[in-house]
Amino acid sequence: MPFARLATATTATCHIGLGLAAVGRPGYINLGRDEDLGADRSVAALRARTHELLDAAYAQGVRYFDAARSYGRSEEFLADWLNARPDVQDVVVGSKWGYTYTAGWSTEAERHEVKDHGLATYERQRAETDALLGDRLDLYQIHSVTPDSPALTDKELHARLAEAAAGGLTVGFSTSGPAQADAIRAALAVTVDGEPLFRTVQSTYNVLEHSAGPALAEAHDAGLTVIVKEGMANGRLAGPNAPEALRAVAAETGLGCDAVALAWILSRPWVGVVLSGAATVTQLASNLHAPAVDLDAEQMTRLATLTEDPSAYWQRRGELPWH
């Protein structure tokens with residue numbers, strides 16, 4: 001498995017990955033992103049920013065990079081960066097299929113992405129991903145599986161994914177929505193010829209929404225690598241948006257709210273990688289302080305009081321504007 005490369009890494013930041021959702025396209029739902037990126041959202045500007053972030057992340061020990069077909073030109077930007085650095089061979093590259101980017105490089109589009117977990121979409125997007133990332137792709141994930149996703153029951157799709165796995169590609173899935181735990185457990189039950197199909201799971205998990213925790217622990221115990229996304233709750237746990245309890249704990253540690261929020265996630269023994277969704281090098285540097293945060297039991301208890309009802313959390317997330 002490609003994630004075995006991380007098992008032998010010695011840097012403290014090797015279990016933090018860089019997700020490209022916020023910089024691969026001009027519009028996204030992270031709070032504060034309008035100030036982070038400024039007015040220039042051209043392809044050239046975001047390509048340069050992505051490369052700057054990738055350079056900084058790699059230099060500081062980050063070894064997992066996460067893109068998706070629906071993240072605008074994230075795969076293209078990542079491929080350009082990899083092609084310009086042939087000596088970089090120790091990274092793990094993941095992407096996702098299942099959403100099609102439809103915004104046409106506009107922040108004002110009525111719909112920014114369209115979901116389809118059908119076999120035809122997989123085959124089309126797999127070809128598109130291969131054209132950009134080729135054999136540098138290590139992990140291909142079904143994007144945002146929910147309990148009603150046809151990807152959980154489509155045997156023909158399962159067979160095609162198993163073929164990809166037999167060819168050396170790691171097959172995984174991501175989840176979203178208030179029923180993440182149900183989706184995870186359903187995916188764990190998917191087999192092809194008696195063997196589990198999925199080897200990784202990527203889920204939303206943070207101090208506000210951690211209902212998927214027990215299911216993610218089960219996935220880890222079943223041998224899957226767990227990747228945590230949206231650890232900052234799309235900016236709700238950063239800086240001025242952070243709840244008072246988080247700001248208080250951050251003040252006690254002398255580090256940022258973001259580092260504390262990510263450290264809370266890293267304290268889970270079943271977490272393989274937690275993603276930084278940084279849009280600036282300064283944010284990335286702050287995120288990468290997370291391994292240095294040592295939270296005591298009392299601080300962990302205070303942070304646990306921030307939990308929200310999953311339905312309320314996902315409703316709030318769905319109302320966030322595309323900046």
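Analyst: Let's begin with a term. A salt bridge is a side-chain nitrogen of Lys or Arg within 4 Å of a carboxyl oxygen of Asp or Glu. The structure holds 19 salt bridges. This is a predicted model, where local features need pLDDT of at least 70, side-chain atom pairs count only at pLDDT 80 or more, and totals for chains, interfaces and linings use all residues. Residues are numbered from 1 along each chain as its sequence is written, and side-chain values use heavy atoms, with hydrogens and water left out.

User: Why do such pairs form?

Analyst: Side chains of opposite charge can pair when their charged atoms come close.

User: OK, which residue does Glu 128 pair with in a salt bridge?

Analyst: Arg 69, with N to O at 3.2 Å. Glu 128 sits in helix H5 (residues 119-133), while Arg 69 is in the loop between strand S2 (64-66) and helix H4 (74-83), so the bridge ties together parts 59 residues apart in sequence. Helices (H or I, at least four residues) and strands (E, at least two) are DSSP runs, numbered from the N terminus.

User: Is Arg 69 buried or exposed?

Analyst: Buried, at a relative accessible area of 17%. Glu 128 is partly exposed, at 27%. The cut-offs: buried is under 20% relative accessible area, exposed is over 50%, and partly exposed is in between (1.4 Å probe, protein chains only).

User: What does Arg 317 pair with?

Analyst: Glu 230, in a salt bridge of 2.5 Å, N to O. Arg 317 belongs to helix H13, and Glu 230 to the loop between strand S11 (225-229) and helix H9 (244-253), so this pair ties together parts 87 residues apart in sequence. Arg 317 is partly exposed at 22%. Glu 230 is buried at 14%.

User: What's the phi of Glu 230?

Analyst: About 55 degrees, a positive value, although Glu 230 is not a glycine. Most residues other than glycine have a negative phi. Trp 105 also has a positive phi, near 60 degrees. Trp 105 lies in the loop between strand S4 (99-101) and strand S5 (113-115). Its relative accessibility is 21%, so Trp 105 counts as partly exposed.

User: Switching topic. How much space lies in the largest pocket?

Analyst: About 1,000 Å³. Of the 46 residues lining the largest pocket, Tyr 28, Asn 30, Glu 230, Asn 234 and Gly 235 are the closest to its centre.

User: How is a pocket found?

Analyst: On a 1 Å grid over the protein atoms alone, tested with a 1.4 Å probe, a pocket is an open set of points with protein on both sides within 12 Å along at least five of seven lines. Lining residues have an atom within 4 Å of a point. Grid points are joined across faces, edges and corners, and the volume is the space filled by probe spheres set on the points.

User: Which elements give two or more residues to that lining?

Analyst: Strand S6 (139-145), helix H10 (257-266), strand S12 (273-276), helix H11 (281-287) and helix H13 (310-318).

User: And how do the lining residues divide by type?

Analyst: Into 18 nonpolar, 19 polar and nine charged. Ala, Val, Leu, Ile, Met, Phe, Trp, Tyr, Cys and Pro count as nonpolar, Asp, Glu, Lys and Arg as charged, and the others, Gly among them, as polar.

User: Back to H9. Which residues are buried there?

Analyst: Leu 246, Val 249 and Ala 250 are buried. Seen down the axis of H9, the buried residues fall within an arc of 100 degrees, so they line one face of the helix. That arc is taken from the directions from the helix axis to the C-beta atoms. On the other side of H9, Glu 244 and Ala 251 are exposed.

User: What does Glu 244 form a salt bridge with?

Analyst: Arg 247, with the closest N and O atoms 2.7 Å apart. Both lie in H9, three residues apart, about one turn of the helix. Arg 247 is partly exposed at 34%.
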